[in-house]
Amino acid sequence: MFWPKAEKILGMNARNLLYIKPNNPRSAIRLADDKLATKRLLKKNKMPIVPLIDVFESIYDLEDFDWKTLPSSFVVKPCRGFGGEGIWVIKGLTRNGWKLSEGILVGEEEIKDHILNIFDGNYSLGNEPDVAYFEEKVKLHPRFKKLTFGGGIPDVRVIVYNQIPVMAMLRLPTEMSKGKANLAQGGIGVGVEIASGITTKAYWETKDKFITRYPGTRQKLNGLKIPFWRDILEISSLCQKISGLGYAGIDIVIDAKKGPMVLELNARPGLGIQNANVGYLKSRLERVAGLKVSSPAKAVRIGRELFGEEIGLDLDKDNEKSVVGAVEEVIFLGRKGKKEKVLAKVDTGAYMTSLDYRVAEKLGLSKLKGRRKALSSLGEEWRDIYEMEMIMAKKKIKTNVSVADRKGLTYLAIIGRKDLSGFLVDPNKVKKG
């Protein structure tokens, strides 16, 4: 891809020399590389983690294990694995064995053989002998039900430096990645706007291309609001501080019932996050270097203010907003109690709300606020702007609306981001009726 300011890209050598070496002590790196040690530390500090089922340190543990105690779904992991290697996602139990995320059936003996491979260090850094463990399988949050494959779970990667979250992405499992969210194995990286938690661009690293929809579907990848966004950022900041890493990548999953949980910490987070965000990580890190940060809450506010775009979202009340879908029923209010109910498209790419002029005429609008130049399929045109009120998701909104000819278009109105400050946008939410 083309980068107009290549000098602002953070490369691997610069990452290692400028950020990892001076900021990440060896003891902290060893801890991050050891997923079980990380879990113990985070649990001790009351951080939400994905629960353990059991740990296997030797063949004796394996032989003594009661396989009947296993839930129907779980995850097998190497303790010191890297790059997503060696992880088996067991998504269900059938008559013929456990079903992996990629659809393969395995029995008790196959799982034992896999654990023996983990013991031999086949998936660990430096191929050193390792430990295996079973972990609970996270329950897919409904917000991501159309953005996964084979029961895999999307996760959020947040880069934190000096306690400040500087860049984030949503990682999506695919058929190519066999249900894992790892980008190197075929997962998709989707940039996330730091202030709002709304997805922006999507980059498929293994195919070296930007995409707009989840593979094989019409599901858009931009405009998705990540649930619990402020919590995710604060958890990430706390994890970086607790771990002793000065520069870290924090991976967080969102369980349908338990909310955000820390999956793992990364002392050497990959640099593909820059492609997903079409953003320069180096310049962001330089902006926060040396800033005095008194608390994770303060660190999060700094990150959101420095690297967030102005999209009209209240930074302190993300989780209290009403949720709207890609299409909503909206009531426009006119003169003398007149009302018109229309289906409107919720479009975070548009700034101002737009209404078909025929609906506007029925409402008897009179408060002309001015005119604005706008681009349409016919080119540039001037549109009248009216002051009016509308009701969406049981909330009354006083706003300015541009009036246009929308004859022949699917929706008679578009709700722009200027009027979405009291809402979260979930593209998966379907309007009933």
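A residue is called buried when its relative accessible area is under 20%. In this predicted model, F134 has 0% relative accessibility, so F134 counts as buried. F65 has a relative accessible area of 10% and is therefore buried as well.

F65 sits in the loop between α4 (59–64) and β2 (74–78), while F134 belongs to strand β6 (residues 132–136). The pair therefore ties together parts that are 69 residues apart in sequence.

F65 also pairs with F56. That pair is edge-to-face too, with 5.2 Å centre to centre and 75° between the planes. Both F56 and F65 are buried. The cluster extends beyond these rings: F56, F65, W67, F74, W98 and F134 form one aromatic cluster. Across the whole structure, a search finds 12 aromatic pairs.

Another ring has a charged partner. K207 lies over the face of W204, 4.9 Å from the ring centre.

Now turn to the helices. Two packed helices are described by the angle between their axes and the distance between the axes. Helix α6 (residues 229–243) packs against helix α9 (residues 296–307) at an angle of about 115°. Their axes are 9 Å apart, and the crossing is right-handed. On the α6 side, W229, R230, L233, E234, S237 and L238 make the contact. From α9 come P296, A297, A299, V300 and R304. By class, this contact has 7 nonpolar, 1 polar and 3 charged residues.

Technical notes: Residues are numbered from 1 along each chain as its sequence is written. This is a predicted model: local features need pLDDT of at least 70, side-chain atom pairs count only at pLDDT 80 or more; totals for chains, interfaces and linings use all residues. Side-chain values use heavy atoms; hydrogens and water are left out. Axes are lines fitted to C-alpha atoms, for helices over the stretch in contact, and angles run from 0 to 180 degrees between N-to-C directions. Helices (H or I, at least four residues) and strands (E, at least two) are DSSP runs, numbered from the N terminus. A crossing is left-handed if the near helix is turned anticlockwise from the far one by less than a right angle, and right-handed if clockwise. Contact means heavy atoms within 4.5 Å. Ala, Val, Leu, Ile, Met, Phe, Trp, Tyr, Cys and Pro count as nonpolar, Asp, Glu, Lys and Arg as charged, and the others, Gly among them, as polar. Rings of Phe, Tyr and Trp (its six-membered ring) pair if their centres lie within 6.5 Å; planes under 30 degrees apart count as stacked, over 60 as edge-to-face and the rest as tilted. Buried means under 20% relative accessible area, exposed over 50%, partly exposed in between (1.4 Å probe, protein chains only). A charge sits over a ring if NZ of Lys or CZ of Arg is within 6 Å of the ring centre and within 35 degrees of the ring normal.
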